[in-house]
Amino acid sequence: MFVDEFVESMDGERATHSILVANNGLAAVKFMRSVRSWAAQAMGSGQAVTLVAMATPNDIRINAEHLQLADQFIEVPAGGNVNNYANVALIVQVGSTILAQSAGVPTLPWSGSAVHLPFHECENGDIPREIYSQACLTGVEDSVESCRSIGFPVMLKASWGGGGKGIRMVSNEEDVRTLFKQVQGEVPGSPVFAMKLAPTSRHLEVQLLCDRYGNVASLKSRDCSVQRRHQKIIEEGPVTVASQEKLLAMERCARAFARRVDYVASLFSGYSEELLAMERCARALARSVKYVGAATVEHPVTEGITGVNIPAAQVEHPVTEGITGVNIPAAQVMIAMGVPLWRIPDIRSLYGQDPKGSAFFDVETAPQQEPLSPVVAEPLCHVVAVRITAEDAYDGFKPTCGRIDEIHFRSTPEVWGYFSVKSGGGIHEYSDSQFGHLFAKGSNRESCIRSLVVALRDLTIRGEIRTSVDYLIDMIQICTSVDYLIDMTQIRTSVDDLIDMIQSVDMLQNKIHTRWLDNRIASAVSRTGRVPWHLAVIAGAVVRMFEQASSLSAESIGFLKRGQLAPADVSPTSSNQTNDSLSAESIGFLKRGQLPPADTDLVIGGHKYTVQVARQSPQACAVTLNGTTVEVHARKMEDGGYLMQVDGRAHAVHVEEEAQGTRLFIDTLTCLLSKDIDPSRLTASSPGKLV
C-alpha cells in the first residue's frame, strides 16, 4: 500500500512522503525506529515514508546510529547544537512563560516578572522580539541585580539549552558572577533568563495526543523526579505517589488545555489545592494555545506550588508506550497527515475498539480498555526507565567522550532498550551525554526495578568513555536481605558507575524529588560494590605478566629473524637471572619446568600491592600476595582481551590505556591500575589545553 492510499483509507487529509528528522542521538534513533515499525505494519514497507537525517561531520566520524537508519542525509555544520540541530529563531522557554503570565497563570518569580503584555496581543503565540529581550539577561551585573530581586536560590537558564546544558543553580551573588559566563559558553548565542528555584519538587507529567479536529487523548502519567543537574535520569509510569483522584484530575487538566475547554471547579470538588492550581493553569493555557500533535503537560509540584509546562513528545515517551501500547511517533505522523485520533489503530485498541474499525467514538468520554482497572482506569502494569550516559559518576559526573569498542545489551521479554551508537562508534565532544535508554515493564514497580537491575548487570559497554551504570544500579536496586547484599558485592557484572544508585532505600520507598540525586552526589554516597580488590589485583598481575611475555616474545622473534640469539634478559623463557645469581628456590622452579616468580607493583584505589607472579605454563600462572597463592588460568581472546579463571569462576578482562594508568574492564566492571605519580609532571585525565 502506498502512503496516499493509506491516508485516504484512514480519513486523512494529505500524505506525508518524507520527514526531516531535525535531531540527532537517541531522540532521532527512537523516532526513526518507531516510524519504520509502523510503516512496515501499516503499509507493508518500512521505507514507505522517507526519513531524512541531519549529519554533522562529528556524527559521521563516529558512525552515529541515526545516520545508518536514515534513507537520506543532509550535511550541516560541525560544532555545538547551536550551529545545527538547535539553530532555531523561536525562543520557546522565555516566550511560553510570558504567554502564561499574560494569561493570568501564576508563575515563579523570574527575570521577566515585570514584563506585561495584554493577553489579546499574544493569544496566538506571537510575542514581539523586544518583549523577549526585556525578559532576558544582558550581562553579569544585570544578572546579579535580577537574581537579587528574585531572591536566592535562583536558576540561570539558556533558552536554547537542554539535556542539562546551559543551566546552573546560583545561591549568592558570587555564584552569579562565576556561573553566568559558563551558561553562556555552553550554549553560545542563546538568550539567558533567571527564575526562582523550586527545590524538592515532584516532576509529574501527563502525555497527550491531540488531532486537528479537537480530539484529545491522555495516555496516563509519568514521574520524572530523579534528576541530576536538572536532567532526567530515571523515569517511570504511571505515577504512584499521587492518589488516583489526583492523577485523573491531572489528566483532565491536560486534556482541557489541549481542547481549549474550561473545566469548572466543581470537577475538582474535594481535591487538593495543588489540583486546583493545576486546573487554573490548564484553563489559562487552553485559552492561548491551539495544540496539534504530541504534548507533555508537566506538573512540577512542590510545597503547594504547581507549575505547568508544555513541551512536545520527549525521549522518555516509551514509558507511556509501555503502559498504553500506543506508538507515539507513529501517531504524531498520522496526526500530521490529518488522520483523526479515533481512526488510529493504537488509540482504538487502547479504548477497547476494533483497531481495524472505522466507527467514531469520543476519546474524551469513552473508557480505556483492560489491562486497566474497570473502576478508575488505573494501569495494572508499570514501566521504569533509566538513561545511560557517558559520564564518570565518581569524578563529579564529568562528561567523557571517545571510542566505544563494544556495546552488548541482552534484551529480555521484560526489558528493552535503545542506543544511539554501535560497537566501533563513539561519543564525540558535542554529543549529548545520553546515548542509551533502558525500559523495564512489570506488574508493579518492584518487579520493574528487579528486572532493570538484572539487565543493567548484563549490559557491557567497553571503550574510552566512562558510563554511570554501576552508580545507577546501586541507587535503585532492591536489597531484600543481608545475604543478598553480601552476594551482590561478589558478583557485580555491570559497566562502571550507574550501579550505585538503584538499591537505595529512598528509591525503593519512592521518597524522591528533583533534588534527591544531586543531594546524594553532594553527600558523596559511596559505592557499595566495586570490583572486589583481590580480583582487581589478580587480573592486574595476570595482564601485566601476559603483556610482558608477549613483548619479550616479539623481541626474541625479531632477533631470530635476523639470525641472532636473543639476549638472556629478552628471552620470554628466561628467569632474568644469571646462573651465578640463581637462588635455590629459583632453581627449584626451573627443575619443575616453571619460571621463578617476578615481582609486580600495582596501584589500585590508592593502595599499592607488591605481587609475585610465576608463569607455570603458557596458560597458567600462580599469583602470590602476602604469602597467599592462587592459581590462575588465562587465555588471550581474538578481541585482545583475556579469559581468566580463578577460584572456579571465569572472568573476561580487557585493557585500555589512559593518561592516569591502565583501565581494566573485568566482566562489566572497571578499575584503574594507576601510574606512580611523578610530582614533576602535570597530567590530566582527559584531553584539553592549559590556559
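Modeller: Let's begin with what counts as an aromatic pair: two rings of Phe, Tyr or Trp (for Trp, its six-membered ring) whose centres lie within 6.5 Å, called stacked if the planes are under 30 degrees apart, edge-to-face if over 60, and tilted for the rest. By that rule, rings of F409, F419 and F435 are linked into a cluster. Please keep in mind that this is a predicted model, where local features need pLDDT of at least 70 and side-chain atom pairs count only at pLDDT 80 or more, while totals for chains, interfaces and linings use all residues. Residues are numbered from 1 along each chain as its sequence is written, and side-chain values use heavy atoms, leaving out hydrogens and water.

Searching the whole structure gives 10 aromatic pairs. One of them joins Y351 to F361: it is tilted, with 5.5 Å centre to centre and 45° between the planes. Both partners belong to the loop between α13 (345-350) and β12 (382-389), yet they are 10 residues apart and link distant parts of the chain. Helices (H or I, at least four residues) and strands (E, at least two) are DSSP runs, numbered from the N terminus. Y351 counts as buried because its relative accessible area is 6%, and F361 is buried at 6% too. Buried means under 20% relative accessible area, exposed means over 50%, and partly exposed lies in between (1.4 Å probe, protein chains only).

F409 and F419 are both buried.

A ring can also meet a charge. R615 lies over the face of F546, 5.2 Å from the ring centre; this requires NZ of Lys or CZ of Arg within 6 Å of the ring centre and within 35 degrees of the ring normal.

Aromatic residues turn up in helix packing as well. The axes of α2 (residues 25-43) and α12 (residues 328-336) come within 8 Å and cross at roughly 70°, which means that α2 is roughly perpendicular to α12. Axes are lines fitted to C-alpha atoms, for helices over the stretch in contact, with angles from 0 to 180 degrees between N-to-C directions; under 35 degrees is roughly parallel, over 145 roughly antiparallel, 65 to 115 roughly perpendicular and the rest oblique. On the α2 side, the contact (heavy atoms within 4.5 Å) includes F31 and W38, while α12 brings P329, A330, V333 and M334.

Finally, a wider view. The protein chain holds 20 helices and 27 strands, and 53% of its 691 residues count as buried. The peptide bond from F152 to P153 is cis, with omega near 0°, and P153 is in the loop between α7 (140-150) and β4 (154-162). Another cis bond runs from G237 to P238, with P238 in the loop between β9 (231-237) and α9 (244-259). D647, although not a glycine, has a positive phi of about 55°; its place is the loop between β24 (642-646) and β25 (649-658), and it counts as exposed at 62% relative accessibility.
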